[in-house]
Structure formats: structure tokens, C-alpha cells
Amino acid sequence: MDLSNLKPAEGSTKTRKRIGRGPGSGLGGTSTRGHKGAKSRSGYKRKIGFEGGQMPLQRRVPKFGFKNINRVEYKDINLEALQSLADSQKLEKIDIETLVAAGFISSNQLVKILGKGALTAKLEVCAHAFSKTAEAAIVAAGGTVVKL
């Protein structure tokens, strides 16, 4: 056996339906497109979401709400997470690079520090935003807050 005598298994392939090759083929004339209408014409392209004249889903479903295009999304990190990070890596300064290296955020995310949990370490924390409780807790622990 070699490449020259390989062939598909018996019955596994069918011949292609060749349409528009004259009336003797049985598939001439309208070439399986039926009579008249948009789908019978050349260049026909159905609109996305078209449901044959029925009211399309995107028009039946009610619209509501509002998306503010100027919204600024922050990744929130709590004080307890900063405390555990500082304990595990013996840190005195936590900035964006430290958080990226620890896997808390990706490099293009903005960070907001929130006040959940207790902070005992004296830390210099650099972030884009702070909640009032987080800022007060960091200063109370003897640390400093740096807004980027």
C-alpha cells in the first residue's frame, strides 16, 4: 500500500450537486431557487436579524437604561488585601507595579483602595483613588496616601 492507491471509504463521499447545467440535469431552469422573490435573484443578501417580515427580536424586546460613556471603571482592592500582601512580601510601599506583580490587577487598570478590613502595617500606598475610610485607616496606621 502506498499513496498512489489510497481512496476514501466506500459510501463516505458524495458527488457535488451541480446546479444550472441545463434542463437535462434536472437542476436547470431556476437552479433550485424557486420562482421569483428576492432569494431567487442574484446578489441577494439577507439583512442581519431579518425574520421574514415578522417584527425582529431586537425591535420586540424593550430598551431601557443608560450607559454613561464618561464612566471611569476602577478595580477595587480592600485594605485586608493590602495587609496580607504587605505581610507576605515584607513591603513598606505598595504601588501599581507591586499590585500588577502580585496579580491583583492588569497593567492598564485603574485602582481604588476601599476600607474593608484592618490595616496594621505602616504603608505608603499609591493608587488612583481612595475611599474616605481607607484613607483614614492608612493615615491612622502611620502610613501615607499618594494619589496618582
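Is S31 buried or exposed? I looked this up first. S31 counts as buried, at 14% relative accessibility. Buried means under 20% relative accessible area, exposed means over 50%, and partly exposed lies in between, with a 1.4 Å probe and protein chains only.

**Entry: what I am looking at**

I noted that this is a predicted model, in which local features need pLDDT of at least 70, side-chain atom pairs count only at pLDDT 80 or more, and totals for chains, interfaces and linings use all residues. Residues are numbered from 1 along each chain as its sequence is written, and side-chain values use heavy atoms, with hydrogens and water left out.

**Entry: overall build**

I found four helices and six strands in the protein. Helices (H or I, at least four residues) and strands (E, at least two) are DSSP runs, numbered from the N terminus. Along the sequence the pattern reads α-β-α-β-α-β-β-β-α-β.

I then checked the extent. The radius of gyration of the protein is 33 Å, whereas a compact globule of 148 residues would have one near 15 Å. That radius is taken over C-alpha atoms, and the globule rule is 2.2 Å times the number of residues to the power 0.38. Along the principal axes, the C-alpha atoms fill a box of roughly 95 × 60 × 20 Å. Of the 148 residues, 21% count as buried.

The accessible surface of the protein is about 11800 Å², and 54% of this belongs to carbon and sulfur atoms. These areas come from the Shrake-Rupley method with a 1.4 Å probe; for residues, only the protein chains shown count as cover.

I traced an open sheet of three strands in the order β1-β3-β5, with parallel pairing. Its edge strands are β1 (74-78) and β5 (129-130), each of which pairs on one side only. Two strands pair if DSSP finds at least two bridges between them. Strand β3 (residues 110-114) runs parallel to β5 and is joined to it by two bridges. Within this pairing, I113 stands opposite F130 in β5.

Three further strands form an open sheet in the order β2-β4-β6, and the pairing is parallel. Here β2 and β6 are the edge strands, each pairing on one side only. Helix α4 (residues 132-140) packs on this sheet and touches β4 and β6, and its direction makes about 135° with that of β6. Such axes are lines fitted to C-alpha atoms, for helices over the stretch in contact, and angles run from 0 to 180 degrees between N-to-C directions.

How many bridges pair β4 with β6? I noted four bridges between β4 and strand β6 (residues 144-147), in the parallel sense. In β6, V146 is the bridge partner of C126, and K147 stands opposite A127.

Helix α2 (residues 79-89) lies across β1 and β3 and runs at about 65° to β1. I listed its buried residues: L79, A81, L82, Q83, L85 and A86. What covers them includes β1, β2, α3, β3, β4 and α4.

Which residues have the most contacts inside the largest nonpolar core? I77, L82, L99, V111 and I113 do, in a core of 20 residues. A nonpolar core is a set of buried Ala, Val, Leu, Ile, Met, Phe, Trp, Tyr and Cys residues joined through side-chain atoms within 4.5 Å. Two or more residues come from each of α2, α3 (96-102), β3, β4 and α4. The largest share, five residues, is from α2.

Not counting residues up to four places away in sequence, I113 touches I77, L79, L82, V125, A127, A129, F130, S131, A134 and I138. Contact means heavy atoms within 4.5 Å.

Most residues other than glycine have a negative phi. I therefore noted the exceptions, as that is the general rule. S31, not a glycine, has a positive phi of about 55°, and its place is in the segment before α1 (57-60). K90 also has a positive phi, near 55°, and lies in the loop between α2 and β2 (93-94). K90 is exposed, with a relative accessible area of 70%, whereas S31 is buried.
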